[in-house]
Amino acid sequence: MSLCFGIAAVLFAWIPYIGMILGAVAVVCGHVAMRQLARSLQPRSGKGLAIAGLITGYAGILFSIIGILFLMAFTSALNSSFS
């Protein structure tokens with residue numbers, strides 16, 4: 001689940017705030033999965049998927065923040081050029 005949201009966060013990072021929201025969901029799901037794997041009494045697989053979900057979730061948040069900053073700088077430059 002975390003990996004799916006993380007991939008969606010990276011893909012939709014160019015849409016303001018959508019990538020950030022999807023990335024946050026991926027990070028929460030990834031941390032929940034890691035906690036469940038650590039508390040499990042029997043060995044389970046899926047740690048790699050949880051880590052990949054965390055990485056893509058954090059990357060989606062980062063790309064979304066960078067995109068928002070670029071959008072703010074671009075609109076500021078446009079507004080100053082028309083003044």
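These legends describe close-up views of a predicted model.

**View 1. Helix 1 against helix 2.**
Helix 1 covers residues 2-11. Helix 2 covers residues 18-39. Their axes lie 8 Å apart. The packing angle is about 160 degrees. An angle over 145 degrees counts as roughly antiparallel. Helix 1 and helix 2 are therefore roughly antiparallel to each other. Their crossing is left-handed.

**View 2. Helix 1 against helix 3.**
Helix 3 spans residues 47-82. Its axis and that of helix 1 come within 7 Å. The two axes cross at roughly 25 degrees. Angles under 35 degrees count as roughly parallel. Helix 1 and helix 3 are therefore roughly parallel to each other. Helix 1 passes helix 3 in a left-handed crossing.

**View 3. Helix 2 against helix 3.**
Here the axes of helix 2 and helix 3 come within 8 Å. They cross at roughly 155 degrees. Helix 2 and helix 3 are therefore roughly antiparallel to each other. The crossing of helix 2 past helix 3 is left-handed.

Leu-11 belongs to helix 1. Phe-12 sits in the loop between helix 1 and helix 2. Ile-18 is part of helix 2. Leu-11 has a relative accessible area of 56%. A value over 50% counts as exposed, so Leu-11 is exposed. Phe-12 has a relative accessible area of 40% and is partly exposed. Ile-18, with 36%, is also partly exposed.

**View 4. Tyr-17 in the loop.**
Tyr-17 lies in the loop between helix 1 and helix 2. Its phi angle is near 70 degrees. That value is positive, and Tyr-17 is a residue other than glycine. The relative accessibility of Tyr-17 is 51%, so Tyr-17 counts as exposed.

**View 5. Pro-16 and Leu-62.**
Pro-16 is in the loop between helix 1 and helix 2. Pro-16 is partly exposed, with a relative accessible area of 39%. Along the chain, Pro-16 and Leu-62 are 46 residues apart.

**View 6. Phe-12 and Leu-71.**
In sequence, Phe-12 and Leu-71 are 59 residues apart. From C-alpha to C-alpha, they are 15 Å apart.

**View 7. Ile-18 and Gly-60.**
Ile-18 is found in helix 2. Ile-18 and Gly-60 stand 42 residues apart along the chain. The separation of their C-alpha atoms is 9.4 Å.

Technical notes:
Residues are numbered from 1 along each chain as its sequence is written. This is a predicted model: local features need pLDDT of at least 70, side-chain atom pairs count only at pLDDT 80 or more; totals for chains, interfaces and linings use all residues. Side-chain values use heavy atoms; hydrogens and water are left out. Helices (H or I, at least four residues) and strands (E, at least two) are DSSP runs, numbered from the N terminus. Buried means under 20% relative accessible area, exposed over 50%, partly exposed in between (1.4 Å probe, protein chains only). Axes are lines fitted to C-alpha atoms, for helices over the stretch in contact, and angles run from 0 to 180 degrees between N-to-C directions. Angles under 35 degrees count as roughly parallel, over 145 as roughly antiparallel, 65 to 115 as roughly perpendicular and the rest as oblique. A crossing is left-handed if the near helix is turned anticlockwise from the far one by less than a right angle, and right-handed if clockwise.
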